[in-house]
Amino acid sequence: ALGAAASLSAAGANGGTPAHDAASNGHADCLRALHALGAAASLSAAAADGGTPAHAAASAGHADCLRALHALGAAASLSAAGANGGTPAHDAASNGHADCLRA
């Protein structure tokens, strides 16, 4: 399996992890899989810009990912400020994602 051979918490050039990619694309099932495979820390990891997977999910309107992150123990990242001071709530509100604000 890919998870067995690859580092599931490895950061890319911008500091984002597979969890950032899963969250920004709405793949809550992948967030759960990453957690189950031992990459729980990546669910709260900050990229180079300070953004967490919660920022990515909120920006793209993926409330299901925000709920998954909360359930998987990454609740603190839901209120984390990025390098610009913005939280996932800022990202959701600025992009019109009211369902993310309620997640």
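**View 1. Elements lining the largest pocket.** In this predicted model, α2 (18-24) and α4 each contribute at least two residues to the lining of the largest pocket. Helices are DSSP runs of H or I of at least four residues, numbered from the N terminus. With 3 residues, α4 gives the largest share of this lining. Residues are numbered from 1 along each chain as its sequence is written, local features need pLDDT of at least 70, side-chain atom pairs count only at pLDDT 80 or more, and totals for chains, interfaces and linings use all residues. Side-chain values use heavy atoms, with hydrogens and water left out.

**View 2. Centre and composition of the largest pocket.** The largest pocket holds about 270 Å³ of space. Among its 17 lining residues, A47, D49, G51, T52 and H55 are the closest to its centre. A pocket is an open set of points on a 1 Å grid over the protein atoms alone, where a 1.4 Å probe fits, with protein on both sides within 12 Å along at least five of seven lines; lining residues have an atom within 4 Å of a point. The lining comprises 4 nonpolar, 10 polar and 3 charged residues (Ala, Val, Leu, Ile, Met, Phe, Trp, Tyr, Cys and Pro are nonpolar, Asp, Glu, Lys and Arg charged, the others, Gly among them, polar).

**View 3. Surroundings of S44.** S44 lies in the loop between α3 (28-36) and α4 (53-60). Leaving aside neighbours within four places in sequence, S44 contacts T52, P53, A74 and S77 (heavy atoms within 4.5 Å).

**View 4. The second largest pocket.** About 160 Å³ of space lies in this second largest pocket. Its lining includes R67, H70 and C100.

Technical notes
Points joined across faces, edges and corners; volume = space filled by probe spheres on them.
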